[in-house]
Amino acid sequence: MNDAPDGPDRPATDAIAERAIARLLAAAGPSMTTGQARLRAVAVASDFAVDTLSRQPDLLRRLLDDDGATPAVAPTLSADHRGDWPGLLRRYRAAESTRLVWRDVHGLDDVDATLAGSTALAETCLDLALRALEPDFASRHGVVRDDDGVHQRLVVFGLGKLGGGELNFSSDIDLVYAYEHGGGTSDGARPLEAEQYFSRLGQHLVRLLDEVTADGFCHRVDLRLRPYGNAGRVAWSFPAMEQYFQREGRDWERYAWQKARPVAGDLDAGERFLETLRPFIYRRYLDYGALDGLRGMKAAISAEVARKELADDVKRGPGGIREIEFLVQALQLIRGGREPELRDRQLQPALNALVEANQVEPAAGDALATAYLYLRRLENRLQMLRDEQTHALPDDALDRARIADGLGYGDWTALRTALDMHRAVVSEEFAALLAPRPATHQPGALAGYWRKLRDTAGEQPGELASLSGAGFADAASADSLLRDLVRSPGVRGLSDSTSARLDRVLPALLQGAAGSSQPMLALRRLLALLHNILRRSAYLALLDEQPPALARLVEVVGHSALLAERLASYPLLLDELLDARIGGPLPGREEVIEACLAVARDAGDGVDDGIAADDTEAVLNALNEVRQALSFRIAMATRDGRQDAVESARQLAWLADGVVMRVLALAQREVAAVHGRVPGARFAVLGYGSLGGGELGFGSDLDLVFLYDTTDGADQSDGARPLDASRWFARLAQKVVALLGTVSAAGRLFDVDVRLRPDGAKGLLVSTLASFADYQRSRAWNWEHQALVRARCVSGDASLCADFGRVRDETLARQRDPDEVRADVSKMRARMRAELDRSDAAAFDLKQGEGGLVDLEFLLQALVLDHADAAPGLLGPRDTPGLIETMRQAGVFDADTAARLLAAHATLLTRGLECSLDRRQRRVPRDGAVEAARAAIRDAAAVHGLDFSGTPATEPGSNRDIPTRDIPM
């Protein structure tokens, strides 16, 4: 539409203002002598406000007194004066709306405050009206009670901008009526069933708010977003609504219910229902299965935008408010199931969260936020003019001049220039959203092969030439595997839409497998994954919609048996292939631990992830998903060479720390629920071995030791089923071990080994601090003091952890006979090698072989025992690189020896993690790098009088448990 001439400018708007001011002064009476300058802006912006102030001169005086800082007092709807209700509500709404106009045009409220004020006004009117109607209804029909006799109230859900708390000035309100349970009334003169009762009550509520009277209307009400729209019942029970959404809910309804919020009636019941509805709105996975539905919604929006009469509609037109809303809500739907922080009902916080999650570029996010605020402010001014639910730019030249003047523009052309700039930004971002699939998605020859194989239902061999031409040397075997896939029940039972997705994805997977270094190996791994995701259409959708994820999948599966196995077992990890963070820097220690601790955290402490803190199974499953995702990310960084093995081992230990901390909190909650707590209890979980050293491997178990103490000398717990203190702490330790080893849908958290505790498998599972200290002083063997070198407190009471640290330091700093230390350590190492070394002439055992990682660990532990009394700095580090560097600083190693040992450790650890990633035994060819590492470790051991190559000798205590699995592999 071509713009009309700019028309009257400032003189014309001044004339309107003069007439309005004269009208207001006449209404206010002769006492009104000041404030005319402030009235001009209101008069230019809103005929509605002028009309209200003329009718309510007291309101005008209040506004001049305090600029609307004090809201109007809500009216009382007396049961004795039912006929007054409509007028009271309408006059109250007019007064409060006028106050919002006043504060907006004088710059006292920003856009957010105006939207929040409009929302609060609608909620207040709804609440007033419903609370007035309920006793009136009860007097005629009684109150609704469920089968257990519990009183029920109507639940009023606000959807759209009301639910989001962003209601525009003259918007209608989208409502859905519901109630929690079936039932009816029995104590009234005219009893009704619950559905009929609440439907009638809801209809009365609409009439009280919506009907136009001499005082206008209160709020326009739209009930069309309820199930089945106008054809559906007016009020729905929660079970009926839940059944509807499970069976017939569509993508646009998920979109609509994203913003749903109980706004009147039984608010607590409403929140409970929304919790049950959350899985319908937000799926647990990255929901690329919704893309087809969202594309359909986007196409409908685009088709409506193309209508000529909407060209100047700031809501529905090109680059309008609705395009911003759709862009944000579509990304929320796709990712909100896995990322609770994206579920905000309000647009601006949701947009900010998407930027933080790297789903929207920061510059685009800023531009969209600026455009949104601009469009919403303009939309409000269009509606404030005459209290009309309009979103269209005016055709009238004078109205244009008033809007431009009120918003601070010299003329309409200047306003349109700014508006078009914002709309262009929105249109560009909207067009890029949900881009169509690339036309190059399907490799031609392999697509043809797959179509023919599907056409024959796998009963006949496919065209082997297509497979061999693509790169499968053993085409017959590949064809046999693919025919098995086609004939499998999983493929035969696919829906048409999912089957179509498989037909698009499979040829691309074949092409990727054929191009890998080991095509048949990659194909077997990919088919194992496909079998597991066939019934989960969203995962096929992800691969169909996101070629980068598909390419990344083929690459990962072709090069890592461990990652392929984890993807096949836990398809949720497919989401990680698309996560923008997968190729970026990994989180630090605090972020990793916080990700674990945040799982099902108590309300008020963080983002609500929808998991009850007392639902143990759900907590373990969610925690396992966090662990799987982070360890997958670490493994990807290791495999891609973006970080070295030492850093990866450290990050895996951080992750284990976070898991143990969260599990300890869960265990304490469970034990306390049954047995209460021990007053003054102090409990600590110690990590030994790889965990203690901060050098964990993929799939490593955890060596744990438990300590306790009671500062108040309490001898039993204070619960309904009390236990004496020792049994209570033993129960807590058992619970920690059991929870870590529980198998959930996302796997097992960790296997746990507790044999490093005092007296090994024969000793108590949990020790007092005093008994632990006494054991270390009087009964522990040298190898147990060796293990103490890497021990650290992982979780528990800080003061007990500090006390343990002192016991550890005192034990390790004890003066020892150097010859005895060297002899004991050498004998123990030789014994272990005889039992565990799997080296042969062709391959070297990275862990147990001579000059391997265990030799390096024994070397460092022996030197700590030998030198800590004179060099207390050796007591600080637990990790191998830290110990080597500290020994260099203490003069135990010269610079060359330290450098060689650091390089040796990095080489052997890298080779070990590579083996783990490919599910190979940790035995490698004796190449130059490995031999150089071995030589560095052997040379250092020899210099310090340690012989790790001798024959083991029988020694006292050799029947006691010996740790053989404490190396970070």
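# A short tour of a predicted model

Helix α26 (residues 561–569) has seven of its nine residues buried, so the rest of the structure largely encloses this helix. Welcome: this is a predicted model, in which local features need pLDDT of at least 70, side-chain atom pairs count only at pLDDT 80 or more, and totals for chains, interfaces and linings use all residues. Residues are numbered from 1 along each chain as its sequence is written, and side-chain values use heavy atoms, with hydrogens and water left out.

**Terms to keep in hand**

- Helices (H or I, at least four residues) and strands (E, at least two) are DSSP runs, numbered from the N terminus.
- Buried means under 20% relative accessible area, exposed means over 50%, and partly exposed lies in between (1.4 Å probe, protein chains only).

- In α26, the buried residues are Ala 561, Leu 562, Leu 563, Ala 564, Arg 566, Leu 567 and Ala 568.
- These buried residues of α26 pack against α23 (519–533), α25 (547–559), α28 (616–639) and α38 (895–917), where contact means heavy atoms within 4.5 Å.
- Helix α13 (residues 321–335) is mostly covered too, with 15 of its 15 residues buried.
- The 15 residues of α13 should span 21 Å at 1.5 Å a residue, and its end C-alpha atoms are 22 Å apart, which agrees; the expected span is 1.5 Å times one less than the number of residues.

- Met 887 sits in helix α37 (residues 880–889) and is buried, at a relative accessible area of 0%.
- Beyond its neighbours within four places in sequence, Met 887 is in contact with Leu 860, Leu 863, Val 864, Leu 874, Val 892 and Phe 893.
- From Met 887 to Val 864 is 23 residues in sequence and 8.7 Å in space, C-alpha to C-alpha.
- Asn 782 belongs to helix α33 (residues 782–789) and is buried, with a relative accessible area of 15%.
- Not counting residues up to four places away in sequence, Asn 782 touches Arg 816, Glu 820, Val 821, Asp 824 and Leu 865.

**Salt bridges**

- A salt bridge is a side-chain nitrogen of Lys or Arg within 4 Å of a carboxyl oxygen of Asp or Glu, and by this rule the count comes to 67.
- Arg 55 and Asp 51 meet in one of them, at 3.0 Å, N to O; they are four residues apart in helix α3 (residues 47–55), so about one helical turn separates them.
- Of that pair, Arg 55 is exposed at 55% relative accessibility, whereas Asp 51 is partly exposed at 26%.
- Arg 900 bridges to Asp 939, with the closest N and O atoms 3.2 Å apart.
- Because Arg 900 lies in helix α38 and Asp 939 in helix α39 (residues 928–943), the pair ties together parts that are 39 residues apart in sequence.
- Salt bridges with shared partners join Arg 552, Glu 555, Arg 639, Asp 640 and Arg 642 into one network.

**Positive phi angles in loops**

- Most residues other than glycine have a negative phi.
- Asp 67, not a glycine, has a positive phi of about 55°; this residue is in the loop between α4 (57–66) and α5 (85–105) and is partly exposed at 22% relative accessibility.
- Tyr 228 also has a positive phi, near 70°; Tyr 228 is in the loop between β3 (221–222) and β4 (235–237) and counts as partly exposed at 41%.
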